Structures are given as C-alpha cells and as structure tokens.
Amino acid sequence: MRFDVLTIFPEMFPGPLAHGVIGKALDRGLAELHSHDVREYADPPHWQVDDEPFGGGAGMVFKPEPLVRAIEAVEASVETSGPVIFLSPQGERLTHQLAKELAVQPQLTMVCGRYEGVDQRVRDHAVDREVSIGDYVLTGGEIPAMVLIETVLRLVPTVLGDPTSAQLDSFVEGALDHPHYTRPAQFRDWRVPEVLRSGDHGRIAEWRREQALRITVDRRPDLLPDVELSASETRFVERCLAQKSDREDA
Ligand code: SAM
C-alpha cells in the first residue's frame, strides 16, 4: 500500500511513523510513505500557498492551484491511484470501519490543510472524501494524516507481527477490548485475576468476553447495538445494564 501526503511541512514525515511496528512495515517495504511539498506546485517567484479570504475576515486560506496541481502530479505518477482524502474537522469521523475500508486501497493521497482551511473549490472538485479524527480543531492536517496512516496500516495483513493480535482490539468486533495482565502475578498487593492463571482456556475466554462486555456497557453503551451477542451474552449484558442503572440511581 502506498501513502502520498501533500503538505507544506514534508519534513514532518515519517516522524512518529518511523517507529514501532509501523516503522518496521515501512522499512520492510510492506508500505510506502511519500510526503510532497505543496509549495513546489505554487507559482514563482514567491511560491505562495495562501492568500486572503474573499469577503474579508480573519486568517488566510490555502490557495487552490498548488493543491490541485500536487494532487494531479501524484495521480499521474502512481501506478494505481486510490481516493484523494482531505483531512478536515468537517469530514466523516475516522472509525475502525472506515480504516478497514481504506486498508484495501492500493494508494491514498492525503491533503493536509492549514490556515483557516483550503479553498472550497479543491474540496468540491479535487477531493473524493473528507476524514476527521475527532470533534476538535488542530492547526494542520499533518497529525490527522499520521493518525489515519497508522490506523489504516495496522489493518493491512502482515504489518502486525501476529495478525490475530488485532482481532480482539476495541471496535473490531464492536465491543471494547478486555483487560490485559502480565508477570508478576502479584505487584504490591495488586493481584492478577486467578482465572487467568488457571490454564483453563474455556474459562479464560469466557472471563475475557464478559470483561469486554462489562467495560463496553460501562464506558461505551452506544457501541452495544453493533455487538453480536449469544443468548447468554445478551442476558449478561442486561444484568450489567441493570447494575449500572442501580449504581447511577444510588
Ligand atoms: N476553519 C476550519 C474549520 O473550522 O473547519 C479549521 C481549519 S484548521 C485550523 C486547519 C487544517 O487542519 C484543516 O484544514 C484540516 O486539514 C486540519 N484539521 C484540523 N482539525 C482536524 C481534525 N479534527 N481532523 C482532521 N483534520 C483536521
């Protein structure tokens, strides 16, 4: 998979993406990351990428020509191009489902905005979709692009050493993840739950599932409608919901 990032700060990349499993995936050639300096597509002699807003008001706006030229140059240079994504607080929210959808693309072109935003004509005519990393505003699209790349890349088979390790991650099957413990079995007077040391894999799986469901009920009940539940799990969730409501009433 290939990522092309259009930015006025190409030196920000790979940045944190050079580390850990994502860094290894890039080193091993499982994915390619290219950052492109949008300023190179501006007009000489000033190579200006921003200008004052039509209609007045505070701040500057990212000019359309350098962005559209950069998008077209990337599309012309890659073998198979995928969607052009504008990182934007106004976009569809980045979720596990969206990352899964994007992870099957051969390539993604990511446009990082700056200033008050980019000229609307870029969004209307040169961008396929807009993606937001959450309901807050950053100063630029570079960190959102990094978040998107990391989220997508860890879903590409072979990127994680053990592909099964992502299977129980939060959101993958709808619910949040269960708690994790490692050695020592006792640290201070904090003990690891006995069941995890029992060697009984059936009981361990059942305990983990119940913990995951309980945490989901407590923290993210909005996720429950998308969680597939057996009849006994449905009863367990109903009990957890009743206990939660008792706690809230107390
Ligand atoms: N005026 C814009 C608005 O309120 O929608 C915000 C502009 S923001 C200061 C500059 C750039 O940062 C945006 O064009 C976008 O590329 C990026 N950005 C900021 N917050 C973001 C978020 N939550 N998700 C994705 N990109 C974001």
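I started at L153, which sits in helix 5. Helices here are DSSP runs of H or I with at least four residues, strands are runs of E with at least two, and both are numbered from the N terminus. L153 has a relative accessible area of 0%, so I logged L153 as buried. My classes are buried for under 20% relative accessible area, exposed for over 50%, and partly exposed in between, using a 1.4 Å probe and protein chains only. Leaving out neighbours within four places in sequence, I found L153 in contact with F3, I22, L26, A31 and V159; contact means heavy atoms within 4.5 Å. I also checked L153 against V111: they are 42 residues apart in sequence, and their C-alpha atoms are 18 Å apart in space.

A note on ground rules. This is a predicted model, so local features need pLDDT of at least 70 and side-chain atom pairs count only at pLDDT 80 or more, while totals for chains, interfaces and linings use all residues. Numbering runs from 1 along each chain as its sequence is written, and side-chain values use heavy atoms, with hydrogens and water left out.

Next I looked up V68, in helix 2 (residues 64–77). V68 comes out at 24% relative accessibility, so it counts as partly exposed. Setting aside neighbours within four places in sequence, V68 is in contact with V122 and A126. From V68 to V147 I get 79 residues in sequence and 23 Å in space, C-alpha to C-alpha.

Most residues other than glycine have a negative phi, and most peptide bonds are trans. Which bonds are cis? F13 and P14 are joined by a cis peptide bond, with omega about 0°. P14 is in the loop between strand 1 (2–7) and helix 1 (20–27). The bond from P44 to P45 is cis too, with omega near 5°, and P45 lies in the loop between strand 2 (32–37) and strand 3 (50–51).

T158 is in the loop between helix 5 (142–153) and strand 8 (186–187), and counts as partly exposed at 49% relative accessibility. F171 has a positive phi near 80°. F171 is also found in the loop between helix 5 and strand 8, and is partly exposed at 38%.

Last, helix 6. It has 19 residues and spans 27 Å from first C-alpha to last, close to the 27 Å expected (1.5 Å times one less than the number of residues). Its buried residues are I204, W207, A212, L213, T216 and V217, and they pack against helix 7.

How do helix 6 (201–219) and helix 7 (231–249) pack? Their angle is about 40° and their axes are 10 Å apart. Axes are lines fitted to C-alpha atoms over the stretch in contact, and angles run from 0 to 180 degrees between N-to-C directions. The pair is therefore oblique; under 35 degrees would be roughly parallel, over 145 roughly antiparallel, 65 to 115 roughly perpendicular, and the rest is oblique. I sorted the contact residues into six nonpolar, one polar and seven charged, with Ala, Val, Leu, Ile, Met, Phe, Trp, Tyr, Cys and Pro as nonpolar, Asp, Glu, Lys and Arg as charged, and the others, Gly among them, as polar.
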